[in-house]
Amino acid sequence: MFANWRNSLQEFLDWFLRKRAHIRFFFPKLFLLFVLINLVCYWWALLTTYPQHLASWKGDEYVLLGFPVAVLGAIFDAMSFYVTLAIVRRALASQSNVRFVSYLSVDVFIAVLATFWVLFAFVASGWVVSIVLDRPETLTYRTELYEGRFWKAILNPLAPDNICNIYFGMMMGASALLPTLYHFGVAIYSMFRWMAGRMLAIRAR
C-alpha cells in the first residue's frame, strides 16, 4: 500500500514540476487561480446560505467583501501549496513509512490554520470594506463579531444559524483543504489497489 502511495505522490510531483517548467509566469497564474477559486467559493457559500443579505441595505458590503477575502484566501492557499510540495518532497525522501505518514500529517495542521486564516480574512476585509463604504467599524468590533460566531458554532454546532456559519466557513476553507483531501484520496486509492492486488494474488494460487 505504501509503495502505491509513494508512487502516486511521485507521479504527481513529477507532473507538477514538468508543468511548472513549461508555463510562463507560473506563480502569478497560480495565484490568480486561487483568487478565482476563493471568489467562487465565497459566492456559492453566500448564495446558498444568506442570499437575503444581498437584498438588504448592506448588500453592497457583501458584494465588495468577496474581493479582499478572495485575495487574502489566495495568499494563504499559495503559501500552503508550496509548503505542501516541500512536505511531499521530504516524505518521499524518508525511508520509513512512519516518517512518511508523519510528514504528510502536517497537512492536517495546515487545514486547522486555514480555519483561523478565514476568520482573519473576514475580520480584515470587513474592516477595509467598512472604510471604503464610509461605514467605519473598528477592528476590535469586527474581531469580537467573528469570535462570537466562532464560539457559538463550537458550543452549539447544531443550531440553524451556526450550521450555516460552519458550512460557510468550510466552503471558504475548501481551497486550502485541497492538498489534505488529495493526500487522503491517494491514500484510500492506494489501499484499494493494494487490497485488489492481494485478492488477485490469492485467487491465482
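Visitor: Which helices each supply at least two residues of the lining of the largest cavity?

Guide: Rolling a probe the size of a water molecule over the atoms shows where empty space is left. On a 1 Å grid over the protein atoms alone, a cavity is a set of points where a 1.4 Å probe fits but cannot get out, a pocket is an open set with protein on both sides within 12 Å along at least five of seven lines, and lining residues have an atom within 4 Å of a point. Here the helices (DSSP runs of H or I, at least four residues, numbered from the N terminus) are H3 (59–93), H5 (106–132) and H8 (174–204), and H5 gives the most, with five residues. This is a predicted model, in which local features need pLDDT of at least 70 and side-chain atom pairs count only at pLDDT 80 or more, while totals for chains, interfaces and linings use all residues. Residues are numbered from 1 along each chain as its sequence is written, and side-chain values use heavy atoms, with hydrogens and water left out.

Visitor: How much space lies in the largest cavity?

Guide: A volume is the space filled by probe spheres set on the points, which are joined across faces, edges and corners; for the largest cavity this is about 100 Å³. Of its 14 lining residues, Asn 38, Gly 73, Trp 117, Val 118 and Met 172 are the closest to its centre.

Visitor: What is the volume of the largest pocket, and which element gives the largest share of its lining?

Guide: The largest pocket has a volume of about 870 Å³, and among its 32 lining residues the closest to the centre are Tyr 146, Asn 165, Ile 166, Phe 168 and Gly 169. The elements giving two or more residues are H2, H3, H5, H6 (139–155) and H7, with the largest share, eight residues, coming from H6.

Visitor: Which residues of H7 are buried?

Guide: Buried means under 20% relative accessible area, with a 1.4 Å probe and protein chains only; in H7 (residues 160–172) these are Asn 162, Phe 168, Met 171 and Met 172.

Visitor: Which element has the lowest mean pLDDT?

Guide: Where pLDDT is low, the predicted coordinates should not be read in detail. On this scale of the predictor's confidence in each residue, from 0 to 100, H8 has the lowest mean among the elements (70) and H2 (residues 26–49) the highest (90), while the mean for the protein is 81.

How values were computed
Expected span 1.5 Å × (residues − 1). Buried < 20%, exposed > 50% of the residue type's maximum accessible area, 1.4 Å probe, protein only.
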